[in-house]
Amino acid sequence: MSDPLLSLSAVTAGYGDLYVLEDVSLRVDEGNFVAIVGPNGAGKSTLLRTIVGGTTLHDGTIRYGNDDISRTPRHEIVDAGVGYVPQDDAVFPDLTVRENLRMGGYTGDGDVDARIGEIYDLFPRLEERPDQAAKTLSGGESRMLAIGRALMPGPDLLLIDEPSTGLAPQIVDRMFERIDKIHTEGTTVLLVEQDVSAVVDSSERVYTLQNGEIGFEGSVEEFQASDDAESLGW
Ligand SMILES: Nc1ncnc2c1ncn2[C@@H]1O[C@H](COP(=O)(O)OP(=O)(O)OP(=O)(O)O)[C@@H](O)[C@H]1O
């Protein structure tokens, strides 16, 4: 088996003295679409935050490509090609759509305007409102902008925290169509989701996380046939 693009080995992490993740190991191969599913409070957001250096890492190793990034500051992880879309979107509320995208492009190579054009192709709703302040966008538009911002530097790996949060079912479907497109065009995707039904069409590999520990690990087909799928309401 070739080396994974991202791997976590026996990671135990949390917030100060609070332990949330226990002995978590997983791998994401280049070009894969991997979903981590689990109920509220399972530690899904903590897992993505841990990858980008936003928690207390008590034990274990995180590798990206050939590098150990366990103690690497977030901006260096982003520069190395990891895009991160947090659950609360983290857009600049007083900046416009276009300004937010520009800010996201500061680390990227190449023509920022051309890159913004590519984001607009992906999310035409953003193209219709380039001068609108981010704080006035709908929940779905704000989510599109957050994903667009993370895509601006042209990441190799995109981490997305619960794309379905706060969105109506139809919008969730469209959001996943877009994420599928991002994946098909060459970006490796790792996302965490509570809504199991949202991820099964898109993902190639599934992990379940419960109480901070990995339960199931396997292909989507294996997941659908498993008891874990049933317990998560699939
Ligand atoms: N900044 C923080 N400081 C202390 N504890 C935190 C912090 N963020 C999360 N936690 C705790 O860590 C645990 C896991 O939370 P996390 O947000 O990672 O779960 P989740 O699976 O993403 O849940 P949800 O689906 O509700 O977003 C919870 O008990 C939560 O209260």
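Reader: Let's start with β3. Which residues are on one side of it and which are on the other, and are they buried or exposed?
Author: This is a predicted model, to be clear from the start. In β3, Phe 33, Ala 35 and Val 37 sit on one side, Val 34 and Ile 36 on the other, and all of them are buried, so both faces are covered.

Reader: OK, and how many of the residues of β3 are buried?
Author: Five of the five, over residues 33-37, so the strand is largely enclosed by the rest of the structure.

Reader: Which strands does β3 run parallel to?
Author: One is β8 (residues 188-193), joined to β3 by five bridges in parallel. Another is β9 (residues 205-210), also parallel, with four bridges. Val 34 is a handy spot to look at: its bridge partner in β8 is Leu 190, and in β9 it stands opposite Arg 205.

Reader: Switching topic. What's the order of strands in the open sheet with antiparallel pairing?
Author: The order is β2-β1-β4-β5, four strands in an open sheet. The edges are β2 and β5, each of which pairs on one side only.

Reader: How many bridges hold β1 and β4 together?
Author: Seven, between β1 (residues 6-15) and β4 (residues 56-64), running antiparallel. Ala 13 has Leu 57 as its bridge partner in β4, while Leu 6 stands opposite Tyr 64 in β4.

Reader: And what about β4 with β5?
Author: Those two pair in the antiparallel sense over two bridges, with β5 covering residues 67-68. Tyr 64 comes up again here, since its bridge partner in β5 is Asp 67. The hairpin of β4 and β5 has two residues between the strands, and Gly 65 takes a positive phi near 60 degrees there.

Reader: Which residues have a positive phi although they aren't glycine?
Author: Asp 23 has one, about 55 degrees, and Glu 162 has one of about 45 degrees. For background, most residues other than glycine have a negative phi.

Reader: Where are those two found?
Author: Asp 23 is in strand β2, whereas Glu 162 is in the loop between β7 and α7.

Reader: Buried or exposed, for Glu 162?
Author: Glu 162 is buried, because 20 other C-beta atoms lie within 10 Å and 20 or more is what it takes. Asp 23 counts as partly exposed, with 14 C-beta neighbours inside 10 Å.

Reader: Now the ligand. Which residues surround it?
Author: The surrounding residues are Tyr 15, Leu 18, Val 20, Gly 38, Asn 40, Gly 41, Ala 42, Gly 43, Lys 44, Ser 45, Thr 46 and Gln 194. By class, that shell has four nonpolar, seven polar and one charged residues.

Reader: Which element gives the most to that shell?
Author: That's α1, with three residues. Both β2 (18-28) and α1 (44-51) supply at least two residues each.

Reader: What about α6, how many of its residues are buried?
Author: 11 of its 13 residues are buried, so to speak mostly covered. Among them are Met 144, Leu 145 and Ile 147, along with Glu 141 and Arg 143.

Reader: What covers them?
Author: The cover includes β6 (82-85), α3 (97-104), α4 (112-122), α5 (124-127), β7 (157-161) and α7 (169-184).

Reader: What span should α6 have, and what does the model give?
Author: At 1.5 Å a residue, the 13 residues of α6 (residues 139-151) should span 18 Å, and the end C-alpha atoms are 18 Å apart, which agrees.

Reader: One more spot: where is Gly 81, and what is it in contact with?
Author: Gly 81 is in the loop between α2 (74-79) and β6. Leaving aside neighbours within four places in sequence, Gly 81 is in contact with Pro 155, Asp 156 and Leu 157. Gly 81 counts as partly exposed, with 18 C-beta neighbours inside 10 Å.

Key
Residues numbered from 1 in each chain as written. Predicted model: local features only at pLDDT ≥ 70, side-chain atom pairs only at ≥ 80, totals over all residues. Near = placed C-beta within 6 Å. Nonpolar A, V, L, I, M, F, W, Y, C, P; charged D, E, K, R; others polar. Pairing = 2+ DSSP bridges. Expected span 1.5 Å × (residues − 1). Buried ≥ 20, exposed ≤ 12 C-beta atoms within 10 Å, placed from the backbone. Contact = placed C-beta atoms within 7 Å.
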